[in-house]
Amino acid sequence: MYSPVHFHDRPSPNHDARPGAVDMLVLHYTGMSSAAAALDRLCSPEAKVSAHYLIDEDGTVWRLVSEGRRAWHAGVSSWRGRRDINGASIGVELVNPGHGPDYRPFPEPQMAALETLARGIIARHPIPPRHVLGHSDVAPQRKIDPGELFDWQRLARAGIGLWPDFTTLPPPAADITELQRQLAEIGYETPPSGAEDAPTTAAISAFQRHFRASLCDGKADRETRRRIAALAAALRTS
Ligand SMILES: [Zn+2]
């Protein structure tokens, strides 16, 4: 079981009514140097952005928006053909400077706080493992957060999100169209154009950041293609 999280409340005005139930969890990094700077932005009426929670590197958790309201964290996004990701999700921001010279691993107290918080969120809402996502998964052409230094495998070990068994891998997709179909089965918006177009390259990068962090170049090498096939197959039988 999970222990309750102690929240610091810092209400943001940037939310509106939810159109329906919550069944997704979307993780972000702030891309800012400090929690204080991120809180100012996430609570600024002019910025029109927010998240439900912000977790500092020391594990401090702020609650900005009630889970019953739609926070404005994902922007233009898509997953499994759905577009109102904000309407269906809880958004969690992790303090991290983001890609650049200071991009760094998410430290232990922050990850431990996230695990506790996420367990509670999943206990309150029916969020399937395949709906625990990064911002880059739902907006691959615009976003790269939380990025390849985020430890998705650890989170899955804690019972949050998906990490398929990659020890035995199926054959890779035969061609780009099949690869696009597999990516779309997973949830990415990759129309079967048969060409290595911008949506496909972006989805491959997003998949790599999440499921093959040692290589995030947007090029589907054999290992990446086999992991995509493995995840699509695992979801088909689950
Ligand atoms: Zn984000």
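Helix α6 passes helix α8 in a left-handed crossing, meaning that the near helix is turned anticlockwise from the far one by less than a right angle. This is a predicted model, in which local features need pLDDT of at least 70, side-chain atom pairs count only at pLDDT 80 or more, and totals for chains, interfaces and linings use all residues. Residues are numbered from 1 along each chain as its sequence is written, and side-chain values use heavy atoms, with hydrogens and water left out.

The axes of α6 (residues 176-186) and α8 (residues 222-237) come within 9 Å and cross at roughly 50°. Axes are lines fitted to C-alpha atoms, for helices over the stretch in contact, and angles run from 0 to 180 degrees between N-to-C directions. In the contact (heavy atoms within 4.5 Å), α6 contributes residues including Leu-179 and Leu-183, and α8 residues including Ile-228 and Leu-235.

Elsewhere, six strands form an open sheet of mixed pairing, in the order β1-β5-β4-β7-β3-β8. Helices (H or I, at least four residues) and strands (E, at least two) are DSSP runs, numbered from the N terminus. Two strands pair if DSSP finds at least two bridges between them. The edge strands, β1 (7-9) and β8 (132-134), each pair on one side only. From one strand to the next, the twist averages 25°. Strand β3 (residues 24-29) runs parallel to β8, joined by three bridges.

Helix α1 (residues 35-42) packs on the sheet, touching β4 (53-55), β5 (61-63) and β7 (89-94).
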